[in-house]
Amino acid sequence: MTNPEFSSSEDFAIAMDEHDPLRHYRQCFLFPKAASGGNCVYLCGHSLGLQPSTAAKHIQQELKDWAELGVEAHFQAANAWMPYHRLLTNQTAALVGANPLEVVVMNSLTVNLHLMMVSFYRPTPARHKIVVERGAFPSDQYAVKSQIAFHGYDPASSLIELSPLPGESCLRDEEINLLIERLGDEIALILLGGVNYATGQAFDMAEITRAGHAKGCVVGFDLAHAAGNLRLNLHDWGPDFAVWCSYKYLNGGPGCVAGCFVHERHARCFDLPRFSGWWGHDERTRFEMGPTFQAMSGAEGWQLSNPSIITLAVLRASMQIFHEADMERLRAKSVTLTGYLEFLLNQILPDQKFTSRFSIITPQEQIRRGAQLSIRIPKNGRALCERLTREGIVGDWREPDTYRVAPVPLYNSYRDVFRFAQRFAATIG
Ligand SMILES: Cc1ncc(COP(=O)(O)O)c(C=O)c1O
């Protein structure tokens with residue numbers, strides 16, 4: 001994909017919006033209001049996606065069925081609750097490039113990560129190490145450290161944190177490969193984010209999976225910042241598992257039910273250790289209430305509990321929009337939109353005054369990033385972020401020095417990006 005010749009005039013942004021084939025999807029979302037009364041410039045879909053305007057209708061339907069049918073809604077609701085999660089299976093599979101058997105929506109991300117590690121982190125004295133990015137999302141760090149300790153190993157010697165080279169912010173692909181090549185025989189699990197939450201760096205998941213498997217390691221991904229952001233092809237890339245949340249690019253709302261992928265090659269491995277619950281039990285005999293767990297095939301066999309229909313209803317609203325908009329078209333717009341944001345920020349940068357005030361740490365190459373740009377602001381960045389937020393320009397701040405912004409192709413416009421860059425330049429100057 002090549003970007004058009006960008007221009008820093010507002011007319012360029014207006015023209016790009018006019019020619020954007022996805023522009024009408026903006027109307028499908030509810031924007032928070034700025035103090036001025038207009039819509040916020042909301043560049044925070046990497047943290048919490050906006051509410052689909054059809055969400056309330058979807059929730060109302062379930063509340064109505066509950067009110068009118070009570071427990072019978074499990075079978076008689078317009079969308080019967082018993083198999084409700086399956087309404088999301090095909091669209092979820094398409095979104096992450098998987099077979100329907102390989103995906104399920106259930107629990108929350110960290111819970112799913114633990115469930116996956118129970119099954120796929122099988123340390124032995126010779127092979128007990130887990131590889132993560134240095135500065136991986138804290139919940140992932142806590143989860144892997146607790147899993148290591150649970151198995152009687154010491155995180156100090158069993159956790160390998162991949163660090164960028166001195167003076168660099170992002171990991172080099174070759175460094176990841178070198179590490180796997182060098183220590184692969186001791187590594188039980190490679191667990192990386194598809195996109196790093198802090199830097200916005202996207203990893204080459206196909207290559208990491210290939211290299212890891214060649215050394216006999218299990219490979220899993222945390223796709224919290226990749227699902228609904230990048231085009232994913234999980235089945236063909238072949239990782240053993242992946243987990244993601246649904247409230248960022250997927251707009252499922254706070255605490256929405258999360259996603260999980262288990263590669264087909266494990267679909268019928270019923271002897272894998274797993275923490276079990278009744279919703280993962282063979283649905284044909286689930287209500288016989290027998291004492292012995294028999295897992296369902298595929299990712300559904302890792303379910304624990306009956307899911308929250310209310311949050312799934314919101315996710316349905318969003319996934320219908322996603323499905324219609326199509327990930328390929330969204331990614332094409334995303335590449336241009338984020339390229340445009342980078343272009344405008346770089347227009348500010350040539351001035352010596354600005355180069356010392358901020359820098360973009362996200363990789364420049366399209367394939368090494370998604371929608372997000374992470375801007376390092378060494379001094380007073382938090383105050384800048386807060387000031388912009390008060391003006392209705394919404395990104396977010398991650399300690400110690402990173403301002404994250406993500407123009408989301410589903411609902412952000414080129415004018416949003418233009419307005420952001422204008423206010424950012426005025427505020428940082
Ligand atoms: C990369 C990453 N991993 C894990 C989590 C934790 O997700 P949850 O609270 O749904 O378990 C987040 C939350 O923002 C995240 O960004």
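**Helix packing and parallel strand pairing**

Helix α8 passes helix α9 in a right-handed crossing, the handedness being right-handed if the near helix is turned clockwise from the far one by less than a right angle, and left-handed if anticlockwise. The structure is a predicted model, in which local features need pLDDT of at least 70 and side-chain atom pairs count only at pLDDT 80 or more, while totals for chains, interfaces and linings use all residues. Residues are numbered from 1 along each chain as its sequence is written, and side-chain values use heavy atoms, with hydrogens and water left out. Helices (H or I, at least four residues) and strands (E, at least two) are DSSP runs numbered from the N terminus.

The axes of α8 (residues 173–183) and α9 (residues 205–214) come within 9 Å and cross at roughly 15°; axes are lines fitted to C-alpha atoms, for helices over the stretch in contact, with angles from 0 to 180 degrees between N-to-C directions. That angle makes α8 roughly parallel to α9 (under 35 degrees; over 145 is roughly antiparallel, 65 to 115 roughly perpendicular and the rest oblique). In the contact (heavy atoms within 4.5 Å), I176, N177 and I180 of α8 meet E207, I208, A211 and G212 of α9. The residues of this contact divide into 4 nonpolar, 2 polar and 1 charged, where Ala, Val, Leu, Ile, Met, Phe, Trp, Tyr, Cys and Pro count as nonpolar, Asp, Glu, Lys and Arg as charged, and the others, Gly among them, as polar.

Strand β5 (residues 129–133) is mostly covered, with 5 of its 5 residues buried (under 20% relative accessible area; exposed is over 50% and partly exposed in between, for a 1.4 Å probe and protein chains only). Burial extends to both faces of β5, with K129, V131 and E133 on one side and I130 and V132 on the other. Strands are taken to pair if DSSP finds at least two bridges between them. Strand β5 runs parallel to β6 (residues 159–162), to which 4 bridges join it, and V131 has I160 as its bridge partner in β6. A further 3 bridges link β5 with β7 (residues 187–193), also in parallel; in β7, I187 is the partner of K129 and L189 that of I130.

Strand β7 is likewise mostly covered, 7 of its 7 residues being buried. Its parallel pairing with β8 (residues 218–222) comprises 5 bridges, and L189 is partnered there by V218.

Residue N112 lies in helix α5 (residues 109–120) and is buried, with a relative accessible area of 0%. Residues up to four places away in sequence not being counted, N112 touches M106, N107, V243, A258, G259 and C260.
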